[in-house]
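Here is a brief report on a two-chain model. Read it alongside the sequence and coordinates.

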Amino acid sequence: MNGFAGADLGGTVATWVAAIATIAVWSYLVGARRIFVLMQHLLAGLATGYLVLLAIRDVLLPRLAVPLVEHADERVLLVPALLMAGTLVAASWLPRPVVAPVAAIVVGGIAAFALGGAVVGTILPQIAAALPTTRAASPDLAGEVISLAITSLVLLAFLHGAPRGRLTTRGASIGRWLLVGGIGGWLGFLLVSRLSLLVDRVAFLLGDWLTVLR
Amino acid sequence: MTNSAAPTLLSEAGVARLRRSAPALVLLLVLAVASLISGSTGGLRLASPDRSRVDQLRRAIGELPSGALVLIAFDADLGTYAEVRPTTRAAIADLAAHGARLAIVSFTPEGRAIAAAELGRIARAGGEEPPADLGFVAGSEAGLVRSIESIVPSAAEGDLADAIRQRGGGIGAFDMVLIVSGSDMSARSWVEQVGTRLPELPMVAIAPTFLDPELEPYLRSGQLTALLATLREGVAYAEAVSAGSAAGSGPVVGPLPMLVGMLAALAVMAEAAFRRLGRRRRRPAGRSAARRSPS
């Protein structure tokens, strides 16, 4: 029982719709492609409608329109924001020199957030955490040495075009197999993950819809 | 004159199609049967026997002061939320049992849809104080950074919203953040954008399995206080919470259907491997010898 639908009429209708949609998607297994394509279109349409509604109700009205109308003097920066948003919406019809600076600001802003965060929040702290300390020996020293060896060998596997000796070639070969092993292990994790999703859908049909599973 | 084509229920093409889809249909049927009898298989356990991750999260929640403000960031994906749903609900029940006051926010549209559904479920279940709905914040990582200053929508009302405003109105007003991760906005974004600006704020995360390799280093470095990112850890946590309180997470995935599914996957892989081996044996010896030869 996923508990999303209540016991009232609306909940019952939602459960039936979800169950029929699940079976319709599974109909692809027996070759009923038209029903599957119909479900794809339904999903795309619903997602688009939901996104439009979310953008209007949760973003454009409360964060742009209402502040501009009610507190225009306090929110002066919203005016260029509105102009930029309008420029991006009308990008197909506007000349390139008008659109390019706006697009550059948007892309630059996103890149600055992502890059700054990655350097300060990931690369530097992870390097610091990986460095050996002068304090007592790490409780997982063997694990750390193995991790270092595996990382080095896998990095060797990416040495393309550089002059290689016999030892490097052997190391790169081992690195490639370690990489394959790692990907295999991760796929095993993914298999468990996706299997749990399938089992959950089966449980939904049996429990929420047919009510034979309690 | 006689008609040689006898009337049949299915055409040849239909029979061939059914034959092709038979393995998948049989798997679905077997999974359904396994789900039905999963409750009576006491010998099988899906929960991870290693409780260190579970203990980390339970300790983080247990150390919260009474009436602590906890922000739940719902940014899971619609496709994978079913995997972390029992864990998330167990964490919400655990936080409520420890007297935490909850607020829910989303930075992705999909997360907002899930958050709205969970808020509806919590409202139907009833309780002392429903979580404050802080809605959807647009702008992805930029929105996350902006929320450090102000996260409460101007229209939000109620004691909980006022309590957050009194403590500054931003993410720093909270005693802990529980991040329900997805692919678009994971705990990594929180660590990079919020963790660097509010280093004292404890952050715990629940994530689907595919994010485990990405998030594990943050747990090791201490940037995340706790992380549950595999199905087995999630089931172990849900069981631990259910055992300690009347409020539970609802049903979790049964071990028998998972075992059946894994065996089916192994059978498919073995079949593919044998087929490949068979093809290699049938290949003419001269061809493989020519392939081995450099010139």
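Two residues are in contact if their C-beta atoms, placed from the backbone, lie within 7 Å. With that cut-off, A:Ile150, A:Leu153, A:Val154, A:Leu156 and A:Ala157 in H5(A) meet a set of residues in H6(A). The H6(A) side consists of A:Thr168, A:Gly171, A:Ala172, A:Ile174, A:Gly175, A:Arg176, A:Leu178 and A:Leu179. The contact of H5(A) with H6(A) counts nine nonpolar, three polar and one charged residues.

**Confidence**

This is a predicted model. Its scores are ipTM 0.85 and pTM 0.87. Chain B has a mean pLDDT of 88, and 90% of its residues reach 70 or more. Where pLDDT is low, the predicted coordinates should not be read in detail.

**Helix pairs**

Two packed pairs are set out here. One lies within chain A; the other joins chain A to chain B.

| Helix pair | Residues | Angle | Axis distance |
|---|---|---|---|
| H5(A) and H6(A) | 141-157 and 166-209 | about 105° | 7 Å |

On the H4(A) side of the second pair, the contact residues are A:Gly117, A:Ala118, A:Gly121 and A:Thr122. They meet B:Val191, B:Glu192, B:Gln193 and B:Gly195 in H7(B). This contact divides into two nonpolar, five polar and one charged residues.

**The chain interface**

How many residues does the contact take from each chain? Chain B gives 51 residues and chain A gives 42 residues. Several elements of chain B give two or more residues to its side, among them H3 (81-97), E3 (132-136), H8 (212-220) and H10 (255-282). H1(B) provides the largest share, 10 residues. By class, the side of chain B that touches chain A has 29 nonpolar, 12 polar and 10 charged residues.

**The sheet in chain B**

Chain B holds an open sheet of six strands, in the order E3-E2-E1-E4-E5-E6. The pairing is parallel. E3 and E6 (226-228) of chain B are the edge strands, each pairing on one side only. Neighbouring strands are turned by 15° against each other on average, direction ignored.

Take one pair from this sheet. Strand E4 (residues 176-180) of chain B is joined to strand E5 (residues 203-206) of chain B by four bridges. Within that pair, B:Val177 has B:Met203 in E5(B) as its bridge partner.

Which helices lie on the sheet? H4(B) packs on the sheet and touches E1 (69-74), E2 (101-106) and E3 of chain B. Its direction makes about 150° with that of E2(B). Helix H6 (residues 159-166) of chain B lies across E1, E2 and E3 of chain B, at about 85° to E2(B).

**Domains of chain A**

Chain A is divided into domain 1 (1-76), domain 2 (87-133) and domain 3 (140-214). The C-alpha centres of domain 1 and domain 3 of chain A lie 34 Å apart. Six residues of domain 1 of chain A are in contact with six residues of domain 3 of chain A. On the domain 1 side of this contact there are three nonpolar, three polar and no charged residues.

Note on methods: Residues are numbered from 1 along each chain as its sequence is written. Chains are lettered from A and ligands numbered from 1 in the order in which they are written. This is a predicted model: local features need pLDDT of at least 70, side-chain atom pairs count only at pLDDT 80 or more; totals for chains, interfaces and linings use all residues. Axes are lines fitted to C-alpha atoms, for helices over the stretch in contact, and angles run from 0 to 180 degrees between N-to-C directions. Ala, Val, Leu, Ile, Met, Phe, Trp, Tyr, Cys and Pro count as nonpolar, Asp, Glu, Lys and Arg as charged, and the others, Gly among them, as polar. pLDDT is the predictor's confidence in each residue, from 0 to 100. Two strands pair if DSSP finds at least two bridges between them. Domain bounds come from an automatic or database domain assignment.
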